[in-house]
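Subject: Structure handover

Hello,

Here is the structure you will be taking over. My notes on what was found in it follow below.

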Amino acid sequence: MSREQNGGLCQIASPVGGGRREIVIRSFSGAKSFPGEDIDLEDGKVAKDREKISRCYRPVKIHNQALLSGLAYCISSCSMILVNKFVLSGYDFNAGISLMLYQNLVSVIIVSALSLFGVISTEPLTWKLIKVWLPVNVIFVGMLITSIFSLKNINVAMVTVLKNVTNVITALGETYLFQKHHGNTVWAALFLMIISAISGGITDLSFHAVGYTWQIVNCFLTASYSVIFIFGLTLRRVMDTAKQVTKSGNLNEFSMVLLNNSLSLPLGILLVFAFDEVDYLSKTPLLRMPMFWLVMTLSGFLGLAISFTTMWFLHQTGATTYSLVGSLNKIPLSFAGIILFKVPITLENFFSILFGLLAGVIFTKAKMRERSQS
């Protein structure tokens, strides 16, 4: 995660690009040398050849990496939700846990392959590391599954608005459990989020009680992860313990992606049987359609792309810019979901959604101001 001291390209900015740059450097270092004292350089031919080789093997610098990484993050995150919605609602696929399981399997295969070819470095999975990280992974799997179940029954715009409830629960947990104080602007934004969620649900023509229930459960799981693990320092202790049981004494982001997705596989298989998805999978004709498998695999690639682009964007900018872009990104995502899936919507519901999205932006800016003051 280090940047070259001479102001060169960021090594983590593009894992594949970084590997290519390394190959370029190795190739150039192994190129044929031209010792000047042994060759007649009167016609300057050798000097020209050397200059030509250096131009050929010079690494290409990517300008405006902050903008490029931000666009990559926005596109991958929006595409992931829209593709998932297409699989669940467009194909009417009723095995959400199996979808999560396949996506995580794709991620494990890709990260393992990149690690095998030396493009990225990951820590080997050991029993000590697995036992330390398993409690975190249980919440991770719960967040993924409840998110998929809610997306199956709720339109994309209302999902993004209801996710604001997570901020409300997190703020309340911070205040009452850890005595953290928030400014009036933060509480005003949270109040607007609650109003928009309630009014959005009341005016939602496609209201689905089961979908709303799963989304509320998802909000509590996400908030508990934020409050209990981050502010309760449990995650910090888990991270410190995990680093101690690794060979290198470090646990980078790629290792955490591999660890989370690998541990989710056996747990996902158990849940597939627990929710009786095996019977559905044996009967559905969707698994005999090559196009369906292509879309499923694309969703797995996009899930991993979110992890990579998030790391890239955070490294190029920072947590503040990342939070603001994430809240702004919900606006085009919501309207894209309404248009692409032809969601029936009233004027009241439209303004409720817009109200909630703007409240999310206000909340993010207020939190940024709090962070800068502290």
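A definition is needed before the helix pairs: axes are lines fitted to C-alpha atoms, for helices over the stretch in contact, and angles between N-to-C directions run from 0 to 180 degrees. Helices (H or I, at least four residues) and strands (E, at least two) are DSSP runs, numbered from the N terminus.

This is a predicted model, in which local features need pLDDT of at least 70 and side-chain atom pairs count only at pLDDT 80 or more, while totals for chains, interfaces and linings use all residues. Residues are numbered from 1 along each chain as its sequence is written, and side-chain values use heavy atoms, with hydrogens and water left out.

Overall

The protein chain has 15 helices and zero strands. Of its 374 residues, 43% count as buried, meaning under 20% relative accessible area with a 1.4 Å probe, protein chains only (exposed is over 50%, partly exposed in between). Among contacts (heavy atoms within 4.5 Å) with a separation of 6 or more, 83% are between residues 24 or more positions apart.

Helices α4 and α13

Helix α4 (residues 96-116) and helix α13 (residues 290-316) have axes that come within 8 Å and cross at roughly 60°. That angle makes α4 oblique to α13; angles under 35 degrees count as roughly parallel, over 145 as roughly antiparallel, 65 to 115 as roughly perpendicular and the rest as oblique. On the α4 side the contact includes Leu99, Tyr102 and Val106, and on the α13 side Trp293, Met296 and Phe308. By class, this contact has 11 nonpolar, five polar and no charged residues. Here Ala, Val, Leu, Ile, Met, Phe, Trp, Tyr, Cys and Pro are nonpolar, Asp, Glu, Lys and Arg charged, and the others, Gly among them, polar.

Aromatic pairs

Rings of Phe, Tyr and Trp (its six-membered ring) pair if their centres lie within 6.5 Å; planes under 30 degrees apart are stacked, over 60 edge-to-face and the rest tilted. The count comes to 12 aromatic pairs. In one of them, the rings of Phe254 and Phe308 have centres 5.3 Å apart and planes at 50°, so the pair is tilted. Phe254 lies in helix α11 (residues 253-274) and Phe308 in helix α13, 54 residues apart. Phe254 is buried at 7% relative accessible area, and Phe308 is buried at 17%. Elsewhere, Phe86, Tyr91, Phe93, Tyr280 and Phe292 form one aromatic cluster.

Regards
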